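Subject: Structure for you to look over

Hello,

Here is the structure I promised to pass on. My notes follow below it.

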Amino acid sequence: MGQTIVLVSSKGGSGKSTVAVGLSAALSVSGKRILLIDIDEGARCLDTMLSINADTVFDIADVLLGNVDYKDASLSVSALPNVAVIPSPYENKPLDFKKLAEFTQSVSDEFDYIILDTKGQLPADRLSQLKSAAKFVAVVTDNSVALKNTGVLCRGLAEKGIECRLIINRYKPRGQNKKINNIDEMINTCQASLLGIVPEDKIMSVYAGRPIVFGSAAKAIHRIAARLEGQAVPLPKIKDIK
């Protein structure tokens with residue numbers, strides 16, 4: 001049975017969707033079968049990021065409503081042969097997360113990983129409907145408001161019996177940002193165990209539908225993917241994250 005990973009954030013702009021694509025790419029390299037689902041209602045972007053938006057006909061809402069089989073809504077990515085993508089609907093209407101949880105369980109034998117790219121600022125009460133057999137990962141940047149709100153979100157999930165891991169994204173060494181929070185302070189504020197740190201990188205993670213597999217950010221995402229696979233990959237020293 002495949003694993004479901006729910007990527008969450010307390011606000012927009014965390015780079016959560018880029019992390020979702022990066023993890024899909026990193027996990028697929030080893031032959032893992034990935035289903036990447038965009039559930040950012042009314043603000044879908046994964047199909048555009050991966051340059052498959054012209055092929056989009058159906059979306060995850062059509063699947064959950066029973067209008068089409070999920071295979072008819074799934075899009076292939078030429079650069080990522082082991083990844084299937086289901087877009088989010090254009091309409092800003094809430095998806096039925098209980099049905100979504102049932103759907104991910106029903107197809108879990110067909111994929112090694114199902115990655116859900118959620119809408120920013122969703123409350124813990126609603127996200128908790130996805131908790132069945134899922135791992136939750138919060139993506140946050142070094143922003144005081146984002147850190148505080150991520151802490152609120154992670155505490156809310158914990159109250160629902162959900163442990164949330166943490167990815168610190170677009171990290172800048174102190175030399176680049178004098179206002180940077182201490183890593184330990186960021187972890188304490190978010191109240192989540194650290195899964196990985198992705199440094200700020202001038203090389204974009206996705207370009208013209210092709211996830212870039214080189215550069216410091218891509219390497220960091222590959223380390224995170226290895227940890228999700230259960231490998232004992234140590235966190236690099238803070239001074240070496242660049």
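Arg126 lies over the face of Phe97, at 4.0 Å from the ring centre. A charge over a ring turns up at Tyr90 as well: the charged end of Arg44 sits 3.6 Å from the centre of that ring. Please keep in mind that this is a predicted model.

Aromatic pairs

The structure holds 2 aromatic pairs. One joins Tyr70 and Phe103, edge-to-face, with 5.7 Å centre to centre and 65° between the planes. This pair links distant parts of the chain, 33 residues apart. Tyr70 belongs to helix α4 (residues 70-73), and Phe103 to helix α5 (residues 97-106). Are these two residues buried or exposed? Tyr70 has a relative accessible area of 10%, so it counts as buried. Phe103 has 9%, so Phe103 is buried as well. The cut-off for buried is under 20%.

Tyr70 also pairs with Phe111. That pair is edge-to-face too, at 6.1 Å centre to centre and 70° between the planes. Again the pair links distant parts of the chain: Phe111 sits in the loop between α5 and β5, 41 residues from Tyr70 in helix α4. Phe111 is buried, like Tyr70. Tyr70, Phe103 and Phe111 together form one aromatic cluster.

Strand β7 and its neighbours

Strand β7 covers residues 164-171. Of its 8 residues, 6 are buried, so the strand is largely enclosed by the rest of the structure. Which strands pair with β7? Strand β6 (residues 134-140) runs parallel to β7 and is joined to it by 5 bridges. There, Ala138 stands opposite Leu166 of β7. β8 pairs with β7 in the parallel sense, also over 5 bridges. On that side, Ile167 stands opposite Gly196 in β8.

Positive phi

Most residues other than glycine have a negative phi. Two residues are worth a look on that point.

Gln121 has a positive phi of about 70°, although it is not a glycine. Where does Gln121 lie? Gln121 is in the loop between β5 (113-118) and α6 (124-127). Its relative accessibility is 57%, so Gln121 counts as exposed; the cut-off for exposed is over 50%.

Gln191 also has a positive phi, near 55°, and is not a glycine either. Gln191 is found in the loop between α8 (183-190) and β8 (193-199). With a relative accessible area of 48%, Gln191 is partly exposed.

The whole protein

The protein has 242 residues, and 53% of them count as buried. There are 9 helices and 10 strands. How much of the contact count comes from residues 24 or more positions apart? Such residues account for 76% of the contacts with a separation of 6 or more. The accessible surface comes to about 11,500 Å². Carbon and sulfur atoms hold 49% of that surface.

Best wishes

Technical notes:
Residues numbered from 1 in each chain as written. Predicted model: local features only at pLDDT ≥ 70, side-chain atom pairs only at ≥ 80, totals over all residues. Heavy atoms only, no water. Helix = DSSP H or I, 4+ residues; strand = E, 2+ residues; numbered from the N terminus. Buried < 20%, exposed > 50% of the residue type's maximum accessible area, 1.4 Å probe, protein only. Contact = heavy atoms within 4.5 Å. Areas by Shrake-Rupley, 256 points an atom, 1.4 Å probe, with all protein chains shown as cover. Pairing = 2+ DSSP bridges. Phe/Tyr/Trp six-rings, centres within 6.5 Å; stacked < 30°, edge-to-face > 60°. Lys NZ or Arg CZ within 6 Å of the ring centre and 35° of its normal.
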